[in-house]
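Welcome! Let us take a walk through this protein together, looking at its open spaces and then at its sheet.

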Amino acid sequence: MIQAKDIIEAHERISPFIHQTPVLTSKSINQMAQASLFFKCENFQKAGAFKSRGATNAILKIPENQRQFGVVTHSSGNHAQALALAALRNDIKCYVVMPENAPQIKVDAVKSYGGLITFCPPTQADREKYTQEIISNTGATFIPPYDHKHIVTGQSTAAKEVYDELSELDFIITPVGGGGLLSGTILSTQYFSPNTQVIAAEPFGADDAYRSWKSGELVRQQQPNTIADGLLTTLGNLNWSIIQHGVHDIIRVDDDEIRHAMELIFQRMKIIIEPSSATVLAAVLKNQNYFKGKKIALILSGGNYAPSIP
């Protein structure tokens, strides 16, 4: 459904609107992990996360005669920010349904990009209900956070940039929530680095991807509970269709392991990441024997986090 040429064309399409984020390394973290780690820093991306890639691609694919009605989505934060910014840059109205418990830093960012927020109870059913009401009232085009061809194609460009820069990687690891980044990474890997194995990192408190993968059937998220707020969503259907046969392994980590990985990146790399991003390093540190001596790319998915200042 999504071919190599689609990914290449999407990368060319969105390049004027996004950052080609750097790949950083840390000698001290490599020594701890006993592996060669390459961090793809999507925390430096426009709107603070990889989501800008898919949102921008989806916005640019909307027919001209539909743009006047705006776009709408539901999101706990990063996709909302990315879509609001992409819409602002293209003079399109953006409606956003956000759960009442969304982090304030992400709410403020959506507002700063001109997003029109409607708050809803923090359930998937309520997100979808409120979104449908906006569509009915405005005619806005729905752009979901992850379960969408143009979103997946846009997210795949992060891994494409990794493979443009690095060769002979043993593994590439991404967080998994709704599955947009993971499914896009799988596709880019199949086309541009077929000998690399794709691994997902997921919190124990929101492990629907792991349970789906183990059972062979899509399992819906039920009452997730983790500090990795960007991974609270359930897998999309398109994403699952790619992930179920394309992911090599899904490694679960607990919140303490995520905190430890965040602290290491803060201290040793001097960059800010959000908890969702830290799952990838946590997965490596938890399985050092498995990853020892390997060359590994880790996608740091976002940096929308406000550390407390003493």
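On a 1 Å grid over the protein atoms alone, a pocket is an open set of points with protein on both sides within 12 Å along at least five of seven lines, while a cavity is a set of points where a 1.4 Å probe fits but cannot get out; lining residues have an atom within 4 Å of a point. Grid points are joined across faces, edges and corners, and a volume is the space filled by probe spheres set on the points. This is a predicted model, in which local features need pLDDT of at least 70 and side-chain atom pairs count only at pLDDT 80 or more, whereas totals for chains, interfaces and linings use all residues. Residues are numbered from 1 along each chain as its sequence is written, and side-chain values use heavy atoms, with hydrogens and water left out.

Begin with the largest pocket, which holds about 430 Å³ of space. Its lining has 19 residues, and P122, T123, Q124, P224 and L232 lie nearest the centre. Helix α7 (residues 124-138) gives the most to this lining, with three residues; helices (H or I, at least four residues) and strands (E, at least two) are DSSP runs, numbered from the N terminus.

The second largest pocket has a volume of about 200 Å³. Among its 16 lining residues, H74, Q124, E128, Y146 and D147 are the closest to its centre. Here too α7 provides the largest share of the lining, five residues.

The largest cavity contains about 270 Å³ of space, and of the 25 residues lining it, F50, K51, G178, G230 and L231 are the closest to its centre. Helix α9 gives the most to that lining, with three residues. The second largest cavity has about 40 Å³ of space and is lined by F17, K46, S52, T56, A82, L85, A86 and R89. Four residues of this lining come from α5, which gives the most.

Finally, find the sheet. Six strands form an open sheet in the order β1-β2-β10-β7-β8-β9, with mixed pairing; two strands pair if DSSP finds at least two bridges between them. Strands β1 (23-24) and β9 (249-253) stand at the edges with a single partner each, so one side of each is left without a neighbour in the sheet. The partner of β9 is β8 (residues 197-203), joined to β9 by five bridges in a parallel run. There, A200 stands opposite I250 in β9.
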